[in-house]
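Biologist: I have not looked at this one before. Could you walk me through it slowly?

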Amino acid sequence: MFFRLLVESLVRQRRRKLLAATAILLGTATVTAMLAIGASVGDKLNQDLSSYGANILVTPKTDTLDVVVGGVSIRPATAGSYLREGDLTKLKGIFWRNNILNLSPELPLHVTLTQAQSSQAATVPALGLWFHHTLRYGTESYPMGAPAMHRWWRLQGEWPADSALDQAAIGSALAAQMHIAPGDTVMLNGEPVRITGSVSSGDATERTLLLPLALAQKITGQPDAVRRVDVQALTKPEDALARRNPDSLSPALHDRWYCSPYANSIAYQIQEALPNAQAEPIRRITQGEGTILQRISGLMWLVALAALLAASFAVAASMTTAILERKQEIGLMRALGASQFSVASLFFAETAFLSLLSGALGYLLGSLLAARVGREIFHSTIAFNPVLLPAALGLALLVSIAGGAPSVLRTLGMQPAAVLREDG
Amino acid sequence: MKRARFSLGYIVRRSLVHRRVRSLAALLALTVSAAVATTLLTLYVSLNRQLHQQFRAFGANILLTAPNGSTLPPETLATVRAIAGPESRIVPFAYAVAQTTTGAPIVVAGTDFTAARTMDSWWQVSRWPDAAATTTTVGSPVAAMVGTRAQNFLHSDDFSLTYNGRTLTLHTAATLHTGAAEDSRILISLAAFTAWTGQGASTLEVQASGSAAQVEALLHRLRAALPGVQVHAVRQLVESEGRIVDRTRSLMLSSLVLIALTVGICVLATLTASVLERRRDFAIMKALGSTQHQVALLFLLEAALLALAGAAAGYLLGSLCAFGIGAWNFHATIPPLWQAAPAVLLLNLMVALLAAGLPMRILRTMEPAMLLRGE
């Protein structure tokens with residue numbers, strides 16, 4: 001009898017159910033979408049933030065002090081120690097290898113640049129770089145290099161080939177000063193070199209000659225040597241654990257720290273992989289990124305919370321109305337001898353069925369919405385989050401029962417005759 | 001007779017009070033919709049400003065440098081401050097390469113510690129020197145902030161440096177760690193730097209808040225006002241900032257539309273149902289001789305009253321919510337947006353009147369007798 005009532009009510013009173021179902025559907029869809037966006041906005045923004053470039057700097061441990069003003073090395077270290085280019089492969093072997101997005105080794109030097117036609121010569125700073133290097137680790141290969149690290153560099157022409165010993169790119173300010181254009185051939189320490197492109201950067205690089213690392217190593221006579229490595233890693237914003245001194249942590253906490261992608265734990269692992277290196281998070285970038293990530297994710301979580309509250313109220317109000325509409329029905333059932341318990345069970349079973357069905361549909365709709373928003377705004381989709389399904393269903397159930405219960409219980413408390421007589 | 005007892009106002013009041021639960025449910029729904037709309041609108045309008053404010057964490061976005069080796073004219077700082085406005089932060093830097101007692105070269109920078117502290121929030125400093133400590137008394141060692149790398153090259157906390165044959169005695173007052181070039185430097189106050197080297201600031205780091213276009217406009221004004229000074233944007237920062245702010249705004253806007261739509265539709269459906277449910281009232285009134293207009297007016301008036309009350313309560317609640325989010329998330333004050341009030345009121349009225357008006361169209365065509373019989 002109970003099931004027949006339930007089924008008949010669901011089948012016959014479709015219009016009345018539609019209101020409640022729509023409210024639950026829209027409510028769960030919004031909440032699912034907002035939670036999915038809130039949960040993934042951090043990852044998405046983290047990728048945007050990677051356009052700030054390097055966030056970890058690797059230098060040789062025993063080093064003479066850098067004498068750098070305004071991005072230009074006043075006194076390029078002639079002696080001093082180097083890192084080995086060949087060792088960089090090891091960075092793809094550390095615990096957080098997949099978080100290492102890019103590596104850009106640098107070898108600064110000074111060269112004599114002679115303009116071909118006018119024979120105007122000058123000693124200029126130069127930098128050996130990877131442009132489109134392929135780093136091999138095991139069977140995998142990863143594209144690495146300076147252009148991807150410095151996304152704000154604007155290139156006119158082409159980057160030199162990494163293996164070429166007769167190609168170079170030139171900073172735009174230096175090019176203007178020396179009257180060199182892409183395509184020209186210049187003399188570099190007496191050897192002919194073709195300028196493939198000119199780079200504008202807004203910083204000291206504009207006054208520098210950019211050479212393939214192999215060429216720079218050949219000129220300095222230091223095969224395999226690099227002076228510093230810029231590392232771009234996907235990191236987690238610093239929190240209380242990350243701010244503590246890793247050496248003072250208990251073994252369990254140290255493991256947790258080691259296995260979290262903080263900038264300083266990744267730097268620590270880089271140091272482990274490269275014995276003579278000192279790796280440091282660049283605090284300007286890591287701290288700034290942390291602030292931005294926290295604020296924007298915080299905002300999206302708060303908006304998701306607002307959506308949750310608003311949707312809950314809207315669904316609860318709809319349920320209240322939907323039940324009030326059926327007061328007469330409750331009165332009639334009671335007058336025909338149904339117990340309070342059986343009437344309440346019937347109503348709650350109906351509500352539960354409705355909210356689970358609409359909740360599931362709402363979850364689907366919400367996930368689609370989130371995916372669409374992700375594609376539109378971040379140009380990458382937001383994947384279905386299965387954890388949200390039970391959350392969405394539980395919420396739909398809780399809110400609709402909480403919304404309907406007061407009206408049901410209040411009506412059940414009244415005399416059936418009074419309910420039936422009451423006008424609408 | 002006692003006609004006054006059945007005035008429109010009386011009926012509306014009785015109707016709202018008598019059907020308390022339903023009125024409250026409708027009022028609640030309208031309040032929530034207004035509150036959500038107010039919160040999101042207020043947040044959205046102030047979002048640009050709040051977000052750009054957050055990007056101050058990255059420090060200077062404009063650099064002014066004197067051409068090779070020279071120093072900036074002393075009035076540059078005042079000129080830049082006048083152009084960039086009081087909200088921007090400016091930190092002067094002067095650089096010199098000095099020699100330690102062992103003859104090793106080391107970069108010494110003169111700066112304004114108070115200004116650097118507010119702008120360069122990522123500097124990890126063991127103890128910021130207070131303003132009093134940075135003023136030099138003749139003869140006593142100069143308080144220096146020593147980079148963590150530079151520290152390895154000094155053999156004690158008290159050391160001396162030579163520049164152009166002039167020796168300066170310094171004392172390590174604090175250590176500085178940034179993970180970048182500053183770690184290899186020694187920082188002293190600009191006044192002490194000038195007294196020692198005879199040189200003034202050669203670089204001004206400026207942090208201007210605002211969109212990429214605003215920063216670009218500021219660059220042009222600075223270039224025009226300061227010929228001979230190299231003015232350029234820190235492109236790395238300016239470009240990413242614009243993109244992230246734009247994306248966050250689009251994200252907020254889609255959320256705003258989605259939430260407003262959901263709440264709006266739910267409220268509309270709820271109110272429509274509660275009006276439709278009163279077809280018996282409608283029929284009785286018509287059977288007693290009311291005109292179509294009188295009944296419609298009654299229903300619309302009720303809806304409008306609820307909408308008004310909901311908008312007022314919702315506006316207050318929403319402004320409070322936005323304020324709370326600002327304080328909690330952005331550590332900033334987000335003031336109530338008065339423009340949101342009429343917008344929210346209009347929105348609420350529209351939803352409520354639509355909800356009351358739709359069922360009226362259905363009921364109008366029906367005979368009172370049929371409605372009373374329950375068909």
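Modeller: Let me begin with terms: helix axes are lines fitted to C-alpha atoms over the stretch in contact, and angles run from 0 to 180 degrees between N-to-C directions. Helices (H or I, at least four residues) and strands (E, at least two) are DSSP runs numbered from the N terminus. This is a predicted model, in which local features need pLDDT of at least 70 and side-chain atom pairs count only at pLDDT 80 or more, while totals for chains, interfaces and linings use all residues. Residues are numbered from 1 along each chain as its sequence is written, and chains are lettered from A and ligands numbered from 1 in the order in which they are written.

Biologist: How many helices and strands are there in chain B?

Modeller: Chain B has 13 helices and 10 strands. Its radius of gyration (taken over C-alpha atoms) is 34 Å, well over the 21 Å that the globule rule (2.2 Å times the number of residues to the power 0.38) gives for 375 residues, so chain B is more spread out than a compact globule. Along the principal axes, its C-alpha trace spans about 110 × 40 × 35 Å.

Biologist: And what does the secondary structure of chain A come to?

Modeller: Chain A has 13 helices and 16 strands. With a radius of gyration of 33 Å, against the 22 Å that the globule rule gives for 424 residues, chain A is more spread out than a compact globule.

Biologist: Which way does α9(A) run against α11(B)?

Modeller: Helix α9 of chain A (residues 283–324) packs against α11(B) at an angle of about 150 degrees, with the axes 10 Å apart. That makes α9(A) roughly antiparallel to α11(B), since angles under 35 degrees count as roughly parallel, over 145 as roughly antiparallel, 65 to 115 as roughly perpendicular and the rest as oblique. Here R295(A), G298(A), L299(A) and L302(A) of α9(A) meet I325(B), N329(B) and F330(B) of α11(B).

Biologist: What about α11(A) and α9(B)?

Modeller: The axes of α11(A), residues 340–378, and α9(B) come within 10 Å and cross at roughly 150 degrees. The residues making this contact include L369(A) and V373(A) of α11(A), together with L251(B) and L258(B) of α9(B). By class, the contact has six nonpolar, two polar and one charged residues.

Biologist: At what angle do α1(B) and α11(B) pack?

Modeller: Helix α1 of chain B, residues 8–18, packs against α11(B) at about 60 degrees, with the axes 10 Å apart, and the two are therefore oblique to each other. Among the residues in this contact are I11(B) and V12(B) of α1(B) and L298(B) and L301(B) of α11(B).

Key
Contact = placed C-beta atoms within 7 Å. Nonpolar A, V, L, I, M, F, W, Y, C, P; charged D, E, K, R; others polar.
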